[in-house]
Amino acid sequence: MAPKPAGPPDGGWGWVVAASAFAVNGLSYGMLRSLGLALPDFAEHFDRSAQDAWVSALALAVQQAASPVGSALSTRWGARPVVMFGGVLTFLGFVFSAFARSLLHLYLGLGLLAGSGWALAFAPALGTLSRYFSRRRVLAVGLALTGNGAASLLLAPALQLLLDTFGWRGALLLLGATTLHLTPCGALLRPLALPGDPLASSRGPLAALGLSLFTRPAFSVFALGTALVGGGYFVPYVHLAPHALDRGLGGYGAALVVAVAAVGDAAARLVCGWLADQGWVPLPRLLAVFGALTGLGLLAVGLVPGWGGPLLAAAGAYGLSAGSYAPLVFGVLPGLVGIGGVMQATGLVMMLMSLGGLLGPPLSGFLRDETGDFTASFLVCGSFILSGSFIYMGLP
Amino acid sequence: EHSSVPVKKNITLERSSNIELTCQFTTSGDLNAVNVTWKKDDEVLENNSLINRTGNILYTQYKFTITKSNQMGSYSCFFGEKKEHRGTFHFKVPEIQGKHKPIVTYVGDSTILACKCQDCFPLNWTWYSSNGSVQVPVDTQMNKFYVISGAHGNETKLKITQLSEEDRGSYWCHAVFQLGESENLIELVVLSYLVPLKPFLAIVAEVILLVAAILLCEMYTQKKKKQPDEGKEFEQIEQLKSDDSSNGIENNAPRHRKNSVTSK
């Protein structure tokens, strides 16, 4: 006789899950961001120049777009086996690409296989974390989301060392073994039965994707807002450094601008997570506010003259707001769809942001080529985020 | 070119050119007492120089034509006896840019070594390899070496296929100009797959152990939970209450009391 499902434990094993999600975030997004360091080595070996930048873009796109699959599978079979399998898939992707004989192999291995593995790992891990917490959920999610910043910090120099010692083939092989750690992280995601969980047997595969969530007006409003925000959110990841360089900063100056934004982002994830949980302001309002601030921050980055203090301040403001926004996006979900729908909603959120993510950076690059600098790019992506935040004001 | 304090200027030259070097010297003393000499490296050059004195400024110009590589070097104008009152012009052939870090590859792989120079047009590129101090031309007749020239003549690539451990070492690309040669060193490292394989297997083994440990640990704690449940509904109810987070606060007290009784 099993005890009837109780509410989220809000602690206890939940902190272990938070640590696991932290590692998953680091081993997926953090790894993806650091891969950029290997791109010149790929270019040199395959004697191409720009096409290899698409390898990471492809991996990111696959990861985001395939996330609902990860969520659907974990609603069916539990997050644990899905994440563990995702780790193996990513591992295989890296190992396969270590033996690549052409750029196509890299696309297949890193872009498709590893991207899919990451999709199976990230959304279920985050969804599970949300289920383990209620009063301190946003803090826990914020904590987990700092994983990719911490991982990038460690992985970037480590990757350079691997490249210098083992070349890119050996580096990919060892990175694959590192990403295999997603599997033990998955093992830590103990299944949790909660009231409101949908019964497993009564639905078909499409229903498992959670598309029925779109029939809820609150979630649809949220979806629209998030898709718009996604159009602007990823642009700074790609174009903040080139923008700083365009303004006349040297390599280290541009790195400082990126660092200021990254540190602000990481710190804000924790602080806002803690703040949001205090419950002083309803989460949807906070979401709209920080979304708007992120949009304004990006407008500032684009409009601010020169390359010194003002640019750093704008980058810092953007970082702080974007960092506050991130855990809130996941934190509002239980309020919108109930704790039982969180797993599927998480996957859908990733997919929504990926739609914007596929549109934003290429549009930004196009605007830069047409107008000569990034001002228009940042104005446009800031506006995307502002309009998405405006829509968020319609949330209950 | 002007120089009023000891100044150096670097000039990059590829092919025969007519050269005009100008030095300007300003002083408050007597200009007529100042002796003007032009030197190449340490040899004094005779007579081709023009000297003009106006007011406080002494102006000298040296004209000549460079056609051979032995004419490259340092040309200096000297004013008077003091070593500081001079300007130096260094003539060099263009330098080649290439990798500073060794290229790491694996047995059976292929690789491309590239050399490039900005805004220069060498007459010819040649590749050498060396396993010590002697440079030996790369044998392009062999199937494994291909030299690929860039579209604009300012770059060259050496493609090596079917790499083996003997191929490792230093490779030099030489750019031949009318006025001299420029070279650049690229180091090639060829590893066997066993090199990264060992740490790789170590990490995979560690992951497998971790997963096993986590799952075993969990099975163990599940067993511990199940044993006291045999027939004790009393404690099952206690479990239910303590899991119910909405009542968490009120139940803490009674739960603690019960625990202190049972855990001796």
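A salt bridge is a side-chain nitrogen of Lys or Arg within 4 Å of a carboxyl oxygen of Asp or Glu. In this predicted model, the side chains of A:Arg169 and B:Asp109 form such a bridge (2.6 Å, N to O). Local features need pLDDT of at least 70 in this predicted model and side-chain atom pairs count only at pLDDT 80 or more, while totals for chains, interfaces and linings use all residues. Residues are numbered from 1 along each chain as its sequence is written, chains are lettered from A in the order in which they are written, and side-chain values use heavy atoms, with hydrogens and water left out.

Five salt bridges link chain A and chain B. A search over all chains of the structure finds nine. Helices are DSSP runs (H or I, at least four residues), numbered from the N terminus.

The interface brings 34 residues of chain A into contact with 31 residues of chain B (contact: heavy atoms within 4.5 Å). The two chains bury about 2700 Å² between them. Buried area is the accessible area (1.4 Å probe) lost on being put together, summed over both parts. Carbon and sulfur atoms carry 64% of it.

Polar contacts are pairs of N or O atoms within 3.5 Å; within protein, one must be able to donate a hydrogen and the other to accept it, and residues adjacent in sequence count only if both atoms are side-chain atoms. Across the interface, 10 residue pairs are in polar contact, both residues at pLDDT 80 or more. On chain A, helix 2 (39-46), helix 5 (79-98), helix 8 (147-179) and helix 9 (182-187) each supply at least two residues of the side that touches chain B. Helix 8 gives the most, with 12 residues. The residues of this side divide into 17 nonpolar, nine polar and eight charged. Here Ala, Val, Leu, Ile, Met, Phe, Trp, Tyr, Cys and Pro count as nonpolar, Asp, Glu, Lys and Arg as charged, and the others, Gly among them, as polar.
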